Amino acid sequence: MMVSMSILSSSPEATFAVGQEIGRRLLGQRGLVYLTGDIGAGKTAISKGIVSGYGYPGRVTSPTFSLVNRYVHGDKCIFHMDLYRLSDADELFEIGFEEMAAAPHPVLIEWPEILNDEGFEPILVIDLARTEDESLRKITLSSKDERLIAGLDAFVT
Ligand SMILES: Nc1ncnc2c1ncn2[C@@H]1O[C@H](COP(=O)(O)OP(=O)(O)O)[C@@H](O)[C@H]1O
Ligand SMILES: [Mg+2]
């Protein structure tokens with residue numbers, strides 16, 4: 001059964017903090033995490049928090065141009081992709097996407113829509129939406145694994 005929860009974040013810092021808690025919960029997990037929402041909604045902003053919470057201490061940059069960034073720290077690894085510039089899923093399979101998806105690490109994916117008919121099932125979907133307030137975002141989390149989501153509202157300020 002799919003569980004869903006929406007929370008409101010009033011600043012980039014609050015979004016980062018929610019991301020950090022999600023990152024901590026992804027430790028030891030594998031699978032795809034989809035990040036949906038318009039340009040500027042905060043997909044990269046929350047990803048920075050997730051990578052930080054996962055334990056990577058360095059700088060995290062947008063994978064808009066690199067397509068995929070790989071963050072390795074000790075024995076931990078997490079991938080961060082942005083598929084916006086791809087025109088079809090074949091391009092993705094050519095760069096080894098299936099190996100990444102099957103690896104024992106989480107894979108964060110901005111603009112995952114291109115994967116819609118490819119038979120993958122994300123472990124978590126994070127949708128970000130702007131609101132009328134310039135600094136307020138509605139963050140909706142959906143997963144079959146309640147542990148990834150439960151109580152996350154306590155991490156927003
Ligand atoms: N509550 C908020 N959460 C996340 N980002 C916010 C928030 N309020 C304002 N912002 C701003 O929105 C922008 C989000 O950009 P980014 O994360 O790159 O979006 P995306 O990756 O979805 O295109 C950043 O400039 C960030 O400072
Ligand atoms: Mg982005």
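Two residues are counted as in contact if their C-beta atoms, placed from the backbone, lie within 7 Å. The model shown is predicted, and local features need pLDDT of at least 70, side-chain atom pairs count only at pLDDT 80 or more, while totals for chains, interfaces and linings use all residues. Residues are numbered from 1 along each chain as its sequence is written, and chains are lettered from A and ligands numbered from 1 in the order in which they are written.

**View 1. The protein chain as a whole.** The protein chain has four helices and seven strands, where helices (H or I, at least four residues) and strands (E, at least two) are DSSP runs numbered from the N terminus, and along the sequence they follow the pattern β-α-β-α-β-β-α-α-β-β-β. The radius of gyration, taken over C-alpha atoms, is 15 Å, close to the 15 Å that the globule rule (2.2 Å times the number of residues to the power 0.38) gives for 157 residues, so the protein chain is as compact as a globular protein of that length. Of the contacts with a separation of 6 or more, 72% are between residues 24 or more positions apart.

**View 2. The surroundings of ligand 1.** Ligand 1 is surrounded by 18 residues, of which the closest are Thr-15, Gly-42, Lys-43, Thr-44 and Ala-45; a residue is near a molecule if its C-beta atom, placed from the backbone, lies within 6 Å of it. Two or more residues of this shell come from each of helix H1 (12-26) and helix H2 (43-54).

View 3. Just after H2, Gly-55 takes a positive phi of about 120 degrees.

**View 4. Leu-148 and the residues it touches.** Leu-148 lies in the segment after strand E7 (137-143), and this residue counts as buried because it has 20 C-beta neighbours inside 10 Å. Leaving aside residues up to four places away in sequence, Leu-148 touches Arg-25, Ile-123, Leu-124 and Ser-143.

Terms used. Buried ≥ 20, exposed ≤ 12 C-beta atoms within 10 Å, placed from the backbone.
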